Amino acid sequence: MAHQHSSQARLSPSSDTEDISSMSLLLAPRLAYFAGVARTEHVTRAALEMNVPQSTLSRAMARLEQDLGVDLFTRHGRTVSLTPAGRTFLASVERALAEVERAAEEVRADADPATGKVAFGFLHTMGAETVPGLLHAFRADHPRIRFSLVQNYGEAMLERLRAGELDLCLTSPVPDAPDLVARRLDEQKLRLVVPADHRLAGRRRIRLAEASDETFVTLEPGYGLRRITDDLCREAGFKPRIAFEGEEAETLRGLVAAGLGVALLPPPTVPRPGVVELTVTAPRAAREIGVAWLADRPDTPPVAAFKKFLLSRRGSLLP
């Protein structure tokens with residue numbers, strides 16, 4: 001085949017990004033046709049195998065060579081053979097098509113109702129007991145559904161939700177954003193945790209204002225529990241003096257046990273020696289736990305099944 005090595009469809013090299021993107025759009029629909037002709041070395045036979053008209057296939061190959069500006073085939077009667085440029089191009093095309101096929105198989109597998117995958121995010125404080133219990137209960141009826149589990153703080157999980165990296169997440173506070181759907185599932189009481197030898201350790205209940213002179217250890221800014229701590233202290237009439245900021249609730253409990261401050265924390269999975277946990281009577285100290293997902297993202301069957309399961313646990317999410 002002899003072709004003019006220029007085409008109005010090709011872009012000027014003024015923008016590399018636009019050039020690559022537009023060339024990909026031009027070439028992608030014809031790559032499988034090219035691989036079929038290269039494999040059979042016969043346009044008619046390739047057209048029959050791919051169930052497309054021969055004229056469509058011939059035009060597609062001619063346009064492909066025109067867009068690339070090189071000859072990919074030479075003709076020998078009714079057969080064709082690859083030029084050196086065609087062989088080079090075929091190696092990359094076969095790799096690209098194999099990668100597309102692998103990706104297609106992966107997304108089909110992830111969407112399979114029986115064996116698909118759910119990308120599920122949750123707070124660190126949910127990881128020791130709550131989430132394992134949920135997954136155990138869910139898999140009683142869906143034993144082959146797979147999970148990709150992500151533990152993080154609330155804002156980071158919402159970012160990953162928006163980026164398409166998560167299907168669902170358990171978070172607190174329950175988000176209120178136009179691009180998200182969120183449902184409240186449960187509530188978790190927070191306690192004021194003090195060292196075992198603290199002046200307040202003999203108490204069972206406390207008003208948070210009574211701890212206004214204490215040094216606090218808290219999670220870092222951006223964590224939902226940190227925001228709740230700041231809000232509760234402000235409601236109690238003071239701004240907490242913060243000595244240490246961390247990333248994980250049990251680490252904070254350890255800092256309290258070491259006498260480095262007090263903290264507002266959810267109940268531990270197992271009792272921690274060296275601390276006493278006081279019920280806060282005022283203001284009301286609790287955090288709402290909810291599930292969130294993207295508003296405009298359709299669910300695969302596995303995600304829909306797990307979402308339905310989580311919503312069915314409203315009021316009984318926590319152990």
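A search of the whole structure finds 25 salt bridges, a salt bridge being a side-chain nitrogen of Lys or Arg within 4 Å of a carboxyl oxygen of Asp or Glu. The structure is a predicted model, in which local features need pLDDT of at least 70 and side-chain atom pairs count only at pLDDT 80 or more, whereas totals for chains, interfaces and linings use all residues. Residues are numbered from 1 along each chain as its sequence is written, and side-chain values use heavy atoms, with hydrogens and water left out.

Side chains of opposite charge can pair when their charged atoms come close. One of the salt bridges is formed by the side chains of arginine 162 and aspartate 179, at 2.6 Å from N to O. Arginine 162 belongs to helix H6 and aspartate 179 to the loop between S5 and S6, so that the pair ties together parts 17 residues apart in sequence; helices (H or I, at least four residues) and strands (E, at least two) are DSSP runs, numbered from the N terminus. Arginine 162 is partly exposed at a relative accessible area of 39%, and aspartate 179 is likewise partly exposed, at 30%, where buried means under 20% relative accessible area, exposed over 50% and partly exposed in between (1.4 Å probe, protein chains only).

A further salt bridge joins arginine 191 and glutamate 277, whose closest N and O atoms are 3.6 Å apart. This pair links distant parts of the chain, since arginine 191 lies in strand S7 (residues 191-195) and glutamate 277 in strand S12 (residues 275-282), 86 residues apart. Both partners are partly exposed, arginine 191 with 31% relative accessibility and glutamate 277 with 21%.

Within helix H8 (residues 249-257), arginine 253 and glutamate 250 lie three residues apart, about one turn of the helix, and their side chains meet in a salt bridge at 2.5 Å, N to O. Here arginine 253 is buried, with a relative accessible area of 0%, whereas glutamate 250 is partly exposed, with 30%. Elsewhere, salt bridges that share partners join Arg184, Glu187, Arg284 and Glu288 into one network.

The structure also holds 11 aromatic pairs, for which rings of Phe, Tyr and Trp (its six-membered ring) must have centres within 6.5 Å, planes under 30 degrees apart counting as stacked, over 60 as edge-to-face and the rest as tilted. Phenylalanine 34 and phenylalanine 73 form a tilted pair, with 5.5 Å from centre to centre and 55° between the planes. Because phenylalanine 34 lies in helix H1 (residues 16-40) and phenylalanine 73 in strand S1 (residues 73-76), this pair ties together parts 39 residues apart in sequence, and both residues are buried. Another tilted pair consists of phenylalanine 120 and phenylalanine 122, at 5.8 Å centre to centre and 45° between the planes; phenylalanine 120 is buried at 0% relative accessibility and phenylalanine 122 at 4%. Ring pairs link Phe120, Phe122, Phe138, Phe147, Phe306 and Phe309 into a cluster.

The largest nonpolar core has 36 residues, and those with the most contacts inside it include Phe120, Phe147, Leu168 and Leu170; such a core is a set of buried Ala, Val, Leu, Ile, Met, Phe, Trp, Tyr and Cys residues joined through side-chain atoms within 4.5 Å. Elements that each supply at least two residues of this core include strand S3 (117-122), S5 and strand S13 (286-294), and the largest share, five residues, comes from S13. Apart from this core lies another, of 31 residues, among them Leu192, Leu200, Leu219 and Tyr223.

Both faces of S5 are covered, as Leu168 and Leu170 on one side and Cys169 and Thr171 on the other are all buried. S5 runs parallel to S3, to which it is joined by three bridges, and antiparallel to S13, again through three bridges, strand pairing requiring that DSSP find at least two bridges between the strands. Leucine 170 in S5 stands opposite phenylalanine 122 and also opposite valine 291 in S13.

Serine 172 is placed in the loop between strand S5 (168-171) and strand S6 (180-189), and is buried, with a relative accessible area of 3%. The side chain of serine 172 reaches the backbone oxygen of glutamate 288 at 2.7 Å.

Technical notes:
A polar contact is a pair of N or O atoms within 3.5 Å; within protein, one must be able to donate a hydrogen and the other to accept it, and residues adjacent in sequence count only if both atoms are side-chain atoms.
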